[in-house]
Amino acid sequence: MSKQPLRLPNGGLVDRARTLSFRFDGKSYDGHAGDTLASALLANGVGLMGRSFKYHRPRGLLSAGPEEPNALVELRAGARREPNTRATMVELFQNLEATSQNRWPSLRFDVLSVNGLAGPALVAGFYYKTFMWPAAFWEKLYEPLIRRAAGLGRAAEFEDPDHYEKAFAFCDVLVIGAGPAGLSAALTAGRSGARVIICDEDFQLGGRLLAERREIDGRAAADWLATTLAELASLSEVRIMPRTSVYGLYDHGIYGAVERVSDHVAVPPPHQPRQRGWRIYAKRAVLAAGALERPIVFAGNDLPGVMLAGAVRAYVNRFAVLPGRKAVIFTSGDSGWATVRDLAEVGAHVAAVVDSRSEIKPEFKSLASRVGARVFAGSVVEATRGGRALRGITVRDASGKRTALACDILAVSNGWNPTLHLTSHQNGKPVWDEEIQAFVPGVLPPGLSVAGSAAGRFTLAEALQDGARLGREAASEAGFAMAAAQPAPTTDAEASELKPIWRVKGRKGKAFVDLQNDVTDKDVELAAREGFRSVEHLKRYTTLGMATDQGKTSNLSGLALMAEQTGKAICDTGTTTFRPPYTPVAIGALAGHHRGKDFRPVRLTPTHDWSREQGAVFLETGQWLRAQYYPKFTDKDWLSTVNREVLATRGGVGICDVSTLGKIDLQGTDAAEFLERVYINAWKTLPIGKARYGLMLREDGFVMDDGTTSRLGENHFLMTTTTINATKVMQHLEFCHQVLWPHLDVRMVSVSEQWAQVAVAGPRSREVLRGIVDAKHDISNEAFPYLAAREISVGGGIPARLFRISFSGELAYELAVPADYGQAMMRALMAAGQAFGITPYGLDAMSVMRIEKGHVIGSELNGQTTVRDLGLAKMMSSKKDFIGRLMAKREALVQSDRPTLVGFKPIDKGKSLSGGAHFVGIRRANKLENDEGYVTSVAYSPNLQHWIGLGFLKNGPARIGERIRAVDLVRNSEVEVEICSPVFFDHEGTRLHG
Amino acid sequence: MDKQETSIWRPRRPWAGFAEAGQIGESREPGITAVTLEGLGFATLIAGTSSEKLERATKRLLGLDLPREPCAALSDTHGLVWSGPDQWLLLARKRTGFSDLLVSLSVDAAVSEQSHGRSALRLSGKRVRDVLAKGSMVDVHQAAFPVGTAALTSFAHIGVQFWRTQDGPDGAAFEILIARSMAGSFWSWLAASAAEFGFCVTIDQA
């Protein structure tokens, strides 16, 4: 066990009483509760945390926050392995396991670091230029090689074992960020009684207050923080959400957030999700997301040990870690000097301060002399020295004189960029603020205000003032009465002047603009020379600003360099567009519960469990699970099962669940008139107690759906639709009624869920039904003829509906009972049919029988076929108007050579057929010009003992008896077939009326 | 419509096979309680050109006004829940006499029985809103969703009609209706969402 050599003996917000052991690259270390992985590694003297993307250069921490470009690790192992995790954002937990990325064989010795030596060849656009030719090499050789060499972490290879959730929250005021501005806003708004949600991505609330030594109202800022958090916790309508990143702003005040519920433990506790994706509906919101410090571009600025000055303060003050023993500060503004003070406070040796400004304020001079630091005014850091860690730097003063200094930490400060990303998610353009030399929020999305650093108001005093004022405004706009405003707390003095420098020219060596993508100042120059001058082009050509950090520390430097190249001002160079998410979001958090079998709701019929008991194999049809076939041990294979079910039904009786068909209850004095208008055939003539087959068209004249509709009363109809189109037809009918004919008295509602419905088919079906239908109902052929449809009762008074309709072509019925009795109905039918060998059949047997009868389903009603194509033109009434009537008469839809429904069978009866094959003439080439139609349905007919099929063939009905080929180029088969009538079985329909 | 519930014609309730009595998830005092509502009567009522006659009928037969906005009018035995313009869900706590009621109402409305087409639950408990938050895009806060409010929405991609009833001894209570065919998927979401709070399930034996 190591001893955390760089951990300070006291101070900070880590709990030294709680030691947590963890592993990095297989080696064990100790840290404390309150650490991040980054701070714990740093405490253990581990400065090298990864290798860079392209050149495989050694990299350490740049930051202490969400902007971290370098310290990306694979967190956890096995199925929970999570690549590209920012070590700065990982809350340390017991037995944490992390692995560095993008190195081989080890982090210290990486073979591909020779890429750095080949550096000049790997400039921007290198891939595009070098690997262009020969084209075939790209896929086979170049891409796999490049992918191996340049990549980030590896995704887990197994299914994520954890559960994720989605959730919705509503509030009057959403506060994004729990630093001084956010906490002030939440407190002021919360005191009014408004519903407030305050989110922060950190596990500790306080923002920069945690990282700085500041005073509020004359006391340590920590006191104010504790008091404020306690009061917020006491307000019942305030919800505090730590570990929650608000990553996106959407229309109408909707915000996306991800809560890392269990990321700070090795394995989520029982019943806890790993993460929770939130959709937050906020009447008003205050963005208090703070600011991100900017680095400076100079040669060797990527060595481990070169760190943002604010990050150094965070490690020292919050995590009680000394990032190095001998520090140099390189700053272009006052904010860097705070690091001098804080480092000295904990006893670190500050060797020098390099300030690019020539004037140094007296108080800084006296601070430097107090801590014994040399001051280089008007100077810059020109280069760094070191292998895997910083060993020293070269300072160049205004006169060009160079001084070499030894140091192991270089704290860089170049001002701050407001974290304004969310203000851009609705296309808001940031605007350049000359005074603070940064982009600030431009036109704000409705309902959003921006407080403190996020608005470019960087001092603590401004943060506290903004927060209080905007929290108050937000609550007031959300309708809450406010007490008189209280003065914002006072703070200690804070200097915040700045004169940023964007890069230091000079020495050889790579000067990085974008550390994550290994984009150097030279790459930006090259892009400018080659004409990729728009920032969007610059981004795509050099990859500057891409990948997991989205350029949080590089975008502005890139812009500034491009401005320099093109002789424009930064504000005229523009910015790239910020889009959600602000930081990476796991797909799991967006999917929530909905993955695997919960990907979407599954619908089960009321007889599902009964079918399962019977050993059914189920098929997904839309959301429904339907019984496909019922295998028995004695069946040889799937086909023998289906054949058995077909033969049993045609030879005796079979039952099949048809509950999934859409059922629409239509009532009203104009219900018949309404049906006349939506169906192509006549309905007013339908007698009560009868069913009729109906077809409806879309407005464009193509067939939409079919089904039987029954007249239960003078003003009462029951429509059935196909399973797949149930919702669509309901919407269509509602549209027709509400928009086209609101004056018609017709009222409709889906009753699909109310009824369990079963087809009872076969010559013995009536006898079986006789066994369960209550005796008072006469269902003899005379009393209950073909297409009869009546309300009856079964099982001694259970209300039921019986329809004598047939899809199989047999004497057949559909029996519907209230869904609670669905399962009982199946049991009762099986019992009543035992003597007749009653057999349950599934969708496959149903399909065989309907193909034998030439009945069409979705394969034929595929949205591209007309009534004429289906051979049903005679059904179209000429005595009335109906939807689609005119458009169905369009010239192209009535041409005689349109593919029209036919049946076909193989010449060689031993051959099988395949759906999707195309018809091509004998001795014709398999070319598009020779395509004469296509196959929609095929089946093996156990009654005919050969394969049969339905399809659409040009001028089909006139070609019966002709031979043609069914060519399937996908499955590489072709079969010579004979065209025939689509009705293969019982042409006269005598069985139907039996 | 009295059923002769012989052994073979025994009804199977919509939650059968999904909801089982007991506690799911955390074993501490349950933060949320579900009671399956079995044997209720449901029907869709759609008024004709005018709903005034229907309202006279519901007042006379049930003592209930027709809610004109997304609300539920509830008595001890019946309820009317707004379901859209001129459309209501009629509910009866018992099915006895329900078909006669439907016949009476069918004079003034299109009546379609849905008793078997819905799976119904009563959810209550201290954490009930935290569970609803995992599904509901409707704000169910005390102030935004007072007793008697109703909504038609979707939870976990499943169409839902729900309303808030009088608070029970364990706090706010909601009654939730979903399509019968989706009871399994709904239960999968509910059980996963409620487990962290301790989820007590009671099967109504009605």
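Let's begin with chain B, which holds four helices and 12 strands (DSSP runs numbered from the N terminus, helices being H or I of at least four residues and strands E of at least two). This is a predicted model, in which local features need pLDDT of at least 70 and side-chain atom pairs count only at pLDDT 80 or more, while totals for chains, interfaces and linings use all residues. Residues are numbered from 1 along each chain as its sequence is written, and chains are lettered from A, with ligands numbered from 1, in the order in which they are written.

Now for the overall form. Chain B has a radius of gyration of 17 Å, which agrees with the value near 17 Å for a compact globule of 206 residues (taken over C-alpha atoms; the globule rule is 2.2 Å times the number of residues to the power 0.38).

Finally, look towards the partner chain: 47 residues of chain B are in contact with 43 residues of chain A. Strand E3 (41-47), strand E7 (109-113) and helix H4 (183-194) of chain B each supply at least two residues of the chain B side. The largest share, six residues, comes from H4(B).

Methods:
Two residues are in contact if their C-beta atoms, placed from the backbone, lie within 7 Å.
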